[in-house]
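Please look over the sequence and the model below before reading on. The notes that follow are grouped by topic and are meant to be read alongside the structure.

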Amino acid sequence: MNLPLSNLLRRWAQATNRRVAMEEFARAVAWLAAGGVVAIGFKRLPHGLAALGIDAPPGLADAATRPSAIVWIAAAFALGVVLRGVIRFVRRRTAPFRLARALDARLQTRDLLATAWAIEAGMIQPDPGLAAVVLERARGTSSGIIAPVAPWSSPTRALATLGIVAAAFGLLPTEAPLPELAGTANAAETPTAPPLPDAVRERLARTAEALAKLERRPALREATRSKLAEARAHLESIQRDPSKSLGALSRAEKALRDAQREASREGLFDPAALGRIDAETLAREMMEAIERGDTDTAAAMAEEIARRTEDASDADLEKLGKAMDRALQNTEPGSTASREPGSTPAGESGKPGESGKPGESGTPGESGKPGESGKPGESGTPGESGTPGESGTPGESGKPGESGKPRESGTPGESGTPGESGKPGESGTPGESGTPGESGAPGLPGESGASGESGASGQPGESGSAGEESGSGGESGGPTRGESERRARWRNDAERLAERLRSGEAGGPRSELRELAERMRERSGSGSLERELDRALEDVERARSRQFEEMNRGEGEGEGEGEGEGEGKGEGEGEGEGEGKGKGKRPGSGSPRAGRPGGKPGPGGGRGGDGYGDVSPPPDASRGPAEQVDAQAAGPMRGAVRYIERMAQGQRPGPEYRDVHREYQDIAEAAVRREQIPLTRRDYIRSYFEAVRPD
Amino acid sequence: MNTAIPTSSPHGAPTDDRIARAQDALGALKTEIERRLFGQSNLVLQAIIGLLTRGNILIEGQPGLGKTLLVKVMAEAIDLEFSRIQFTPDLMPADITGSQTLMHDEHGRARLDFRAGPIFANLVLADEVNRATPKTQSALLEAMQEHAVTVGGVRRALPEPFLVAATQNPIEMEGTYPLPEAQLDRFLLKLEVPFPSFEDLREIGLRTTGRTEDTTARAMERQTMIDLQNLVRDIVVAPHVAEFAASLTMATHPEAQSATADIKRFVRYGASPRAMQALILAGRAYALLCGRAWVAEDDIRAVAHPVLRHRMIPSFDAKLEGITNNRLVDGLIATVPNVRPG
């Protein structure tokens, strides 16, 4: 071999690089092919799922957005594969010297070729004699090298993936073979789901307004506020472009769920922001929140006032007390000024018939003897599927009011729920006053559902309970009697506390404020943030699922009718609500047990239990005042040991420790200097003080 | 035994023969020393590396393991002038370097004559060097560094080849003066004498307790050793090998980016640039001993322990946890990667 070693190595390196480039190209092609198969498979997946009788998830079923999503994902994937190939090539490509190192390692020639290459490249000028020895040896070695280029390494993983993906792809049906899917396919080509009905849009508009109000609540956590704003923006976008309602609803729902999750994890309010609110505003916000049933806000404000009483001077306490006084004076009991817009009186908002056309076909009213049909709550969501507004004559058939003696047997506290929703009210003979359209509950299924609950008792009073239901409408419209009483009680508590604060008392009012905050938090009033958030989420969910059903159903008419037949639903609820609303004069008088509410109050009715009497759990007598533990009971440690221990526990060294260290080190150093310490131990001692030096 | 190594010709055309003959000569020397110092093959190899590099060696081991014998046998095998200095606390510098003495000539005139001390030898054994005071140690260390001593204002060169082999005992440290780090750095290698295995111990018993006293045969001429010392300096070192030695040295510093977690925790100060020089020089000698005209990264690894073990100053944590420098060097060798230029 007469060629200089460097030429030989250069030639081998080029051959190796060509081989590496081919390998990486093959690997990238295999991955790209696998990605292409996945993309096509993804496009065909809904058909595959349909063939298996599985409903495609909403995101996947969105035929309008799916193709563009596929294109974007495929582009990103392709870019990633190409980049990866380039990076791999750059890493694997070799240079002559690097190849020499690799060959040295393979042939165990102990850097012979690399050293010879360095000599030939003029990187070193060794003794000529020894350089000749090295070069001669290297040439001898290189002449025996048969295959300097690494063997072809096929992209087995990429090819295996391609095979698996292709096999899976083969199992998916093609796009158009299923006749029953043709309609869906056509529908998928249409831009989006049908536009939302006006009524639903109006409701969503109101929900957006409610969210806007929520956003303005003081001291709300920033994350929650931004999620609410995001949800509101999506809802507002529906008003501008109803054709994209489905996507907007999904995003709004997600944002609201995030807000809920955030609130349950971190709480609704930001303690720092609360701390920045001045006393006047704090007191005013608390009282207004009490009046509008926003127990979350009221509790947070009360808690903050309690916190401020800690270490407060007499003047501060007096200021707080006066602020509360003024807030009490400026806030009228039961005033609706602060009521949330989302909770307009039932009569206005309730247009139960809006959503349901099926109700027309349904004749539930006739058949509907409330007792029989009256489990609307269970069958659920009457507002959506259909309703009764028009057909709602059930009131006639059920004159429950007459027979209903629900409350005689009732004991409010136990069943809990009925309190709010199911107070049948003797007077609530729904038929009399109720034109459902007017008084109908806003259509939140839960609210009406509650009435069903009471209906479940299957006694004449049931229909009366339906009337009660309307009472539940009161949730959205105005406070129930129980709630009013509760608010009045809280006002009284606040008045008393204000007086005590003014007189400079801190400890008692503080614990009472905290108890009050706790009670309010447990109560979850109708205007509470939590409830408002639930309500908004529920509205959005319903609208979205309705849209989704509409889209999947194509025109949706045929199906709509079929469902509308649902007897129980239409009748029970529609009527019950309508009537009760208008009439329910004595909702509070119903004795809960009569309703045998049996639970399932439904979402809106929920919480009951205190609907009538205040069944808030009595304060736990055993609890007593909070126990205080004095962490310093044993008294502080004294002297140097204390500082050394603190340091040993990982605390930052303070000036005391520095003094101790300096003093001890001086003593040790003096001993070392006096040669009292063996020579071999002196270094240990110095090292020790070095190791425990404060900085 | 003619093992003279030819120097390079004016045309610079030594062949493999030069390396091969060096390898033969060194092999014979090693065999002869091992015959007397049984079971310490690695120690003998490292001592020869010290000799080839003109470095000084520090030998540490428990009493009775053959530290003194090693140096004595080396001197006998190469026909070197040997002297031994037993270091004690009352040893004075003049006891090592020699002094000027007032003498009277035949005419009765007084004059100062220089009486050379034991340092004037080719191979000096400084036994238990840590028992002398720092002042006396300094006198020795100056001679080690300069290969010369200055007495009475006159600088006197020491004979070549010159090598100091100092021994110290790791136990019985009471009343000793451990060598400061700066002075430790002047020893090219620190050799540790391990306890022999059971079989070796038995063999030592059989060989050394007979009636006849074993003698050392001459295995190499003094001039040959000087030639070999020159040849070592010519052994080819490629840039990537030097880079590896530098990386290894750099990695001993706790503040270096390439330092391992162990080094950061257990080392207070890393090795000096002199350590890097020692790595390459010892690597050259090791390559020659292996019969190669060039140094490989593996040669640097092979000599890393004796070169680095006394040059890293352990932290207090290392002392507390009983972490030895040998273990740290093991970690370095395992973690510092081969040089991989683009």
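Which residue follows α11(A), and is its phi positive or negative? The residue is Gly267(A), and its phi is positive, near 95°. This is a predicted model, and the points below should be read with that in mind.

**Chain A and its helix α11**

- Chain A is built with 40 helices and 0 strands, and buried residues account for 44% of its 695 residues.
- Among the contacts in chain A that join residues at least 6 apart in sequence, 88% link residues at least 24 apart.
- Helix α11 of chain A covers residues 245-266, and because 22 residues at 1.5 Å a residue should span 32 Å, the 31 Å between its end C-alpha atoms agrees with expectation.
- The buried residues of α11(A) include Leu246(A), Leu249(A), Ala252(A), Leu256(A) and Ala263(A), and Glu253(A) is also among them.

**Nonpolar cores**

- The largest nonpolar core has 124 residues, and those with the most contacts inside it are Met74(B), Val236(B), Leu279(B) and Ala282(B).
- Helix α11 of chain B, residues 273-289, supplies the largest share of this core, with 12 residues.
- A second, separate core of 58 residues includes Leu196(A), Ala252(A), Ile290(A) and Ala299(A).
- Leaving aside residues up to four places away in sequence, Leu279(B) touches Ala245(B), Leu248(B), Thr249(B), Ile300(B), Val303(B), Ala304(B) and Val307(B).

**A hairpin in chain B**

- Strand β3 of chain B, residues 98-104, pairs with β4(B) in the antiparallel sense over 7 bridges, and Leu102(B) has Leu112(B) as its bridge partner in β4(B).
- The two strands, β3(B) and β4(B), form a hairpin with 5 residues between them, and Gly108(B) in the turn has a positive phi of about 85°.

**Backbone exceptions**

- Most residues other than glycine have a negative phi, and most peptide bonds are trans.
- Gln108(A), which is not a glycine, has a positive phi of about 55°; this residue is found in the loop between α4 (96-107) and α5 (112-120) of chain A, and Gln108(A) counts as exposed because it has 8 C-beta neighbours inside 10 Å.
- Asp79(B), also not a glycine, has a positive phi of about 60°; Asp79(B) lies in the loop between α3 (67-78) and β2 (82-86) of chain B, and with 16 other C-beta atoms within 10 Å it is partly exposed.
- The peptide bond from Glu160(B) to Pro161(B) is cis, with omega near -10°, and Pro161(B) is found in the loop between β7 (154-157) and β8 (163-168) of chain B.

Methods:
Residues numbered from 1 in each chain as written. Chains lettered and ligands numbered in written order. Predicted model: local features only at pLDDT ≥ 70, side-chain atom pairs only at ≥ 80, totals over all residues. Core = buried A, V, L, I, M, F, W, Y, C linked by C-beta atoms within 7 Å. Buried ≥ 20, exposed ≤ 12 C-beta atoms within 10 Å, placed from the backbone. Helix = DSSP H or I, 4+ residues; strand = E, 2+ residues; numbered from the N terminus. Contact = placed C-beta atoms within 7 Å. Pairing = 2+ DSSP bridges. Expected span 1.5 Å × (residues − 1).
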